[in-house]
Amino acid sequence: MQLNKKLLAIIGRRIPAIYDVIPRGPQGRLAQIALNPQPLPPHELGAAIADEFVRHAWIAERGGLDMKGVLSDLDDWCPTLPKLPKLPPWWGPFPEPEPRPEWFVDYHLGFAARLSVIEGQSAGSRLDKTLNQGIDRSLSAIQSVKL
């Protein structure tokens, strides 16, 4: 149920305690981070990109589309060295000018960890297979990095 501002104002005038119940401020992790304009740590960035990947994969699955388009984006979002990740345009500039190898390991760990959490909840679906491919790609990228 969505309330409009006028209704909330009327209720608030009659019962001021309602403002203690209404959530204020940023609601999600990325919205909280957006208040502080510093770059995300690599594992947080990898987890956030994994969320975007899952969102695209879920929409493709629900729409009955082929997962090949989603998997082609995986090469941009979860690359191996020396290629840099291509972030979605609404994410802003890349956080580091020249990421070090440890940065890539942390990024891929965050990506694989988030996918594995979500994959555990979607067992048996077409989405499960796509998420497993993303996890495998991330793990192979971690193994290919020489520290």
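Predicted model: local features only at pLDDT ≥ 70, side-chain atom pairs only at ≥ 80, totals over all residues.

At what angle do helix H4 (residues 68–77) and H6 pack, and how far apart are their axes? The angle is about 20°, and the axes are 11 Å apart. Axes here are lines fitted to C-alpha atoms, for helices over the stretch in contact, and angles run from 0 to 180 degrees between N-to-C directions. H4 is therefore roughly parallel to H6; angles under 35 degrees count as roughly parallel, over 145 as roughly antiparallel, 65 to 115 as roughly perpendicular and the rest as oblique. The crossing of H4 and H6 is right-handed, a crossing being left-handed if the near helix is turned anticlockwise from the far one by less than a right angle, and right-handed if clockwise.

Residues are numbered from 1 along each chain as its sequence is written, and side-chain values use heavy atoms, with hydrogens and water left out.

The chain as a whole has 6 helices and 0 strands, where helices (H or I, at least four residues) and strands (E, at least two) are DSSP runs, numbered from the N terminus. Read from the N terminus, the order of elements is α-α-α-α-α-α. Of the 147 residues, 33% count as buried; buried means under 20% relative accessible area, exposed over 50%, and partly exposed in between (1.4 Å probe, protein chains only). The chain exposes about 9700 Å², of which carbon and sulfur atoms supply 58%; accessible areas come from the Shrake-Rupley method with a 1.4 Å probe, and for residues only the protein chains shown count as cover. Among contacts between residues at least 6 apart in sequence, 58% join residues at least 24 apart, contact meaning heavy atoms within 4.5 Å.

Returning to the pair H4 and H6, Leu71, Leu74 and Asp75 in H4 meet Thr130, Gln133, Gly134 and Arg137 in H6. By class, this contact has 2 nonpolar, 3 polar and 2 charged residues. In this classification Ala, Val, Leu, Ile, Met, Phe, Trp, Tyr, Cys and Pro count as nonpolar, Asp, Glu, Lys and Arg as charged, and the others, Gly among them, as polar.

Helix H3 (residues 42–62) also packs with H6, at an angle of about 150° and with the axes 10 Å apart. H3 is therefore roughly antiparallel to H6, and the crossing of H3 and H6 is right-handed. From H3, the contact draws on Phe53, Val54, Ala57, Trp58, Ala60 and Glu61, and from H6 on Arg126, Leu127, Thr130 and Leu131. The classes in the contact of H3 with H6 are 7 nonpolar, 1 polar and 2 charged residues.

The remaining pair to be described is H3 and H4, which pack at an angle of about 170° with their axes 10 Å apart. Accordingly, H3 is roughly antiparallel to H4. Here Ile49, Glu52, Phe53, His56, Ala57 and Ala60 in H3 meet Val70, Leu71, Leu74 and Trp77 in H4. The contact of H3 with H4 has 8 nonpolar, 1 polar and 1 charged residues.

Thr130 lies in helix H6 (residues 126–144) and counts as buried because its relative accessibility is 3%. Setting aside residues up to four places away in sequence, Thr130 touches Phe53, Ala57, Met67 and Leu71. Ser138, likewise placed in helix H6, is buried because its relative accessible area is 0%. Beyond its neighbours within four places in sequence, Ser138 is in contact with Cys78, His108, Phe111 and Ala112.

His108 belongs to helix H5 and is buried, with a relative accessible area of 1%. Not counting residues up to four places away in sequence, His108 touches Cys78, Pro79, Ser138, Ala141 and Ile142. Its C-alpha atom is 8.3 Å from that of Pro42, 66 residues apart in sequence. Asp106 is found in helix H5 (residues 101–121), where a relative accessibility of 29% makes Asp106 partly exposed. With residues up to four places away not counted, Asp106 touches Pro42 and His43.
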